[in-house]
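Try each task before reading its solution.

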Amino acid sequence: DGDLLPVVNRPAVHPRPLGSVSLLSAWHSFDMFSDEELLRNAQPFIEQFEKTGEASSMLGEDRALGYDYALMLTNLTRLNHPLKNRALSVMLDRLDEVGAWAEYYHDGVPYNCRNRAWESAINIAAALDAAQGAAL
């Protein structure tokens, strides 16, 4: 809606924007945004997480990127949101039998490429930040 990110007037390439862009400011620890601005950007995803228990950056979808859990947890941790412990628990529940996260999830079940170092590293970093940032 142009509140924090510029509005670009061009035909949509994809009808569903990748919401992770709205959640990255907290992940990167950008200090140019106030907590109120971060909350405004994250609120639709927080509401979806509260309703569905899934941390998808694609609103209205039952699919999630493997690092969506980290982005949700990082935003909730920075905002000291009451759902941060639930987000951490959900993220840890997605670990597979070798202790890694997958590239994608559908209804919380891994699909596509498994044992992803990229997604796993991002999720581990978010868990560590959450543990250091607040009493869990």
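**Exercise 1. Burial along a set of charged residues**

Keep in mind that this is a predicted model. Classify R114, D96 and E97 as buried, partly exposed or exposed.

*Solution.* Finally, E97 reaches 70%, so E97 is exposed.

**Exercise 2. From pairs to a network**

Find the salt bridges that R114 makes with D96 and with E97, and say where the partners lie in the chain.

*Solution.* Step one is the distance check, with a cut-off of 4 Å between nitrogen and oxygen. For R114 and D96, the closest N and O atoms are 3.9 Å apart. For E97 and R114, the N to O distance is 3.7 Å. Both pairs are salt bridges.

Step two is location. R114 sits in the loop between β3 (109-111) and α5 (117-133), while D96 belongs to the loop between α4 and β2, so this pair ties together parts 18 residues apart in sequence. E97 is also in the loop between α4 and β2, and its pairing with R114 links parts of the chain 17 residues apart.

Step three joins the pairs: D96, E97 and R114 are linked in a network of salt bridges.

**Exercise 3. A buried pair**

How many salt bridges does the whole structure hold, and what does the one between E54 and R94 tie together?

*Solution.* The search of the whole structure finds 7 salt bridges. One of them joins the side chains of E54 and R94, at 2.4 Å from N to O. E54 is in the loop between α2 and β1 (63-65) and R94 in the loop between α4 (84-93) and β2 (104-106), so the bridge ties together parts 40 residues apart in sequence. Now check burial: E54, at 12% relative accessibility, counts as buried, and R94, at 15%, counts as buried too.

**Exercise 4. Two packed helices**

Describe how α2 and α3 pack against each other.

*Solution.* First, the geometry: helix α2 (residues 35-52) and helix α3 (residues 68-78) pack at about 130 degrees, with axes 10 Å apart. The two helices are therefore oblique to each other, and α2 passes α3 in a left-handed crossing. Then the contact: α2 contributes D35, L38, A42, F45, I46 and F49, and α3 contributes M72, N75, L76 and R78. These residues divide into 7 nonpolar, 1 polar and 2 charged.

Methods
Residues are numbered from 1 along each chain as its sequence is written. This is a predicted model: local features need pLDDT of at least 70, side-chain atom pairs count only at pLDDT 80 or more; totals for chains, interfaces and linings use all residues. Side-chain values use heavy atoms; hydrogens and water are left out. Axes are lines fitted to C-alpha atoms, for helices over the stretch in contact, and angles run from 0 to 180 degrees between N-to-C directions. Helices (H or I, at least four residues) and strands (E, at least two) are DSSP runs, numbered from the N terminus. Angles under 35 degrees count as roughly parallel, over 145 as roughly antiparallel, 65 to 115 as roughly perpendicular and the rest as oblique. A crossing is left-handed if the near helix is turned anticlockwise from the far one by less than a right angle, and right-handed if clockwise. Contact means heavy atoms within 4.5 Å. Ala, Val, Leu, Ile, Met, Phe, Trp, Tyr, Cys and Pro count as nonpolar, Asp, Glu, Lys and Arg as charged, and the others, Gly among them, as polar. Buried means under 20% relative accessible area, exposed over 50%, partly exposed in between (1.4 Å probe, protein chains only).
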